[in-house]
Amino acid sequence: MTGTTDATADRTIHFVSLGCPKNRVDTEVMLGVAGRAGYRHVEDPARAHVIVVNTCGFIDAAKQESIEVILELSEYKQRGQCDKLVVAGCLSQRYPDELAAELPEVDHVLGSSDMPKLERVLAGGAERVLVGNPADWVMGANDPRRLSTRGRSAYVKIAEGCNRRCAFCVIPQIRGLQRSRSVDDVVREVEALAAAGVLEINLVSQDTLAYGRDRDDGARLPDLVRRVAEVPGIYWVRLFYLYPERLDDALIELLDAHPRVVPYVDMPLQHAADAMLRRMRRGHGGKRLYDLVERLKARVRGLVMRSAFIVGHPGETDAEFEQLLAFVRFAELDNVGVFRYSDEPTAASHALDAKVPARTAQARARKLMAVQRPISREKNRARIGTELEVLVEGPSPDEELVFVGRHAGQAPEVDGQVYLSGGEVLPGEIRKVRITQAADYDLVGEVDEDGPSEPPRPSLPIEKKRDGRKALRVLPVAR
Ligand code: SF4
């Protein structure tokens, strides 16, 4: 077996990134760290000397998935050439000792803020458990990073951690209190991404509207968004994880009128019944949500809105669930994700009585999606006959010889996509597309022969060389 610490060895590494886009950014930092240490990413785990699993661990299903992936990949220590299996991320931040004790096949355990420590692991001789304080690190423009996303699109993490105390959520325990990056640091990273050919920036954090409040330099979200949108070369800026609080006028103005800020609002609302929101410790009632949706629809032209809800939270009655359905019918959101409550032992909601049986939660999740599906379908159908700008992502992963892309109202990975017909396209181009068909989530459209909306610019090496793309296995996020 080839040792990775041997300077003459072929250094290959394979990554699996589970969970949310914030985890994906951390994985990309580890890709950068590995690249700097002379490691080459390989898509086939059987050819990797080092395998890294960046885990998710905030609900039961995610923990289960993480463990299954770790066990599956540990087999390459026998049937491949892997001699180091590294586990990082939220699961190991939460359960470092348990993982180390229960999984002897794991060589190193890193937490959710220990990405730079991969360098020590790769150099050899590092301790087995390297889980630190999550508050110690938030990525910055100087961290090495290699993109793994398709179609000249990148996530940019503007803050880490969360100061809220939602009853069902263990994220603040895993990721610590909020630490926002400075505006200048974020802009520096975006400038580097734009210079490398990135067109679309997706701003992510745990609580994006709270950006800057932990800093004393006056950094605020509208200013950050404007600065990012004005970086030469950036075509679309999209915001994720907006908490349902009063949006300030400056941000609404940007969403409505800035040509580079897409009118897309991703706002996980979780529930809409007053009593449920109280139990969830959300700090507001249902009326705020009705008002917010009305205000956004009135003020943001072309608004596309995505949300996520939790069903089966302790105490949720049939009547409260019906109130949630009534809100979903009222709000007519473009896209909705629904999660069944997961009873995490360290979450405040764990202590609540009146647990909802799993079967009831499952039935409620199905019912909610049955209410939402025709709404999404109608919204998609209304696009038939319109011409939209589409960012070409590349070949469809599930249909041979078909390219896919996304219009500004479709976020990567969580929303639908546009299947492209009738024209030659290249990954990373922005093309005008006439929409001809619509399904519940996806669209089909004909490419305008007039060529790209934007002149071609120097592209990322990863765009030119398909081989060079860091093909991570990424857990699809539930719709
Ligand atoms: S705002 Fe989001 S990340 Fe923060 S505690 Fe609530 S659900 Fe968790």
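Start with the sheet: select β6, β9, β10, β11, β12 and β13, which lie in that order in an open, parallel sheet of six strands. Strands here are DSSP runs (E, at least two residues) and helices are DSSP runs (H or I, at least four residues), both numbered from the N terminus; two strands pair if DSSP finds at least two bridges between them. The model is predicted, so local features need pLDDT of at least 70 and side-chain atom pairs pLDDT 80 or more, while totals for chains, interfaces and linings use all residues. Residues are numbered from 1 along each chain as its sequence is written, and side-chain values use heavy atoms, without hydrogens and water.

Angles run from 0 to 180 degrees between N-to-C directions, and axes are lines fitted to C-alpha atoms, for helices over the stretch in contact.

Now zoom in on β9 (residues 200-204) and β10 (residues 236-239), which pair in the parallel sense over four bridges. Show L203 and, opposite it in β10, L239.

α9 touches β9, β10 and β11 (261-266), where contact means heavy atoms within 4.5 Å. The direction of α9 makes about 155° with that of β10. Helix α1 (residues 21-36) lies across β6 and β9, at about 95° to β6.

Keep α9 (residues 221-229) and select α8 (residues 183-195): their axes come within 10 Å and cross at roughly 25°. Show V183, D184, V186, V187 and V190 of α8 with D223, L224, R227 and V228 of α9 to see the contact. By class it has six nonpolar, no polar and three charged residues. Nonpolar means Ala, Val, Leu, Ile, Met, Phe, Trp, Tyr, Cys and Pro; charged means Asp, Glu, Lys and Arg; the others, Gly among them, are polar.

Move to α10 (residues 249-257), whose axis comes within 8 Å of that of α9 and crosses it at roughly 25°. Here L221, P222, V225 and R226 in α9 meet A250, L251 and L254 in α10.

Finish at the ligand. Around it, select C162, R164, C166, F168, C169, I171, P172, Y243 and R282, each with a heavy atom within 4 Å of it. This shell divides into seven nonpolar, no polar and two charged residues.
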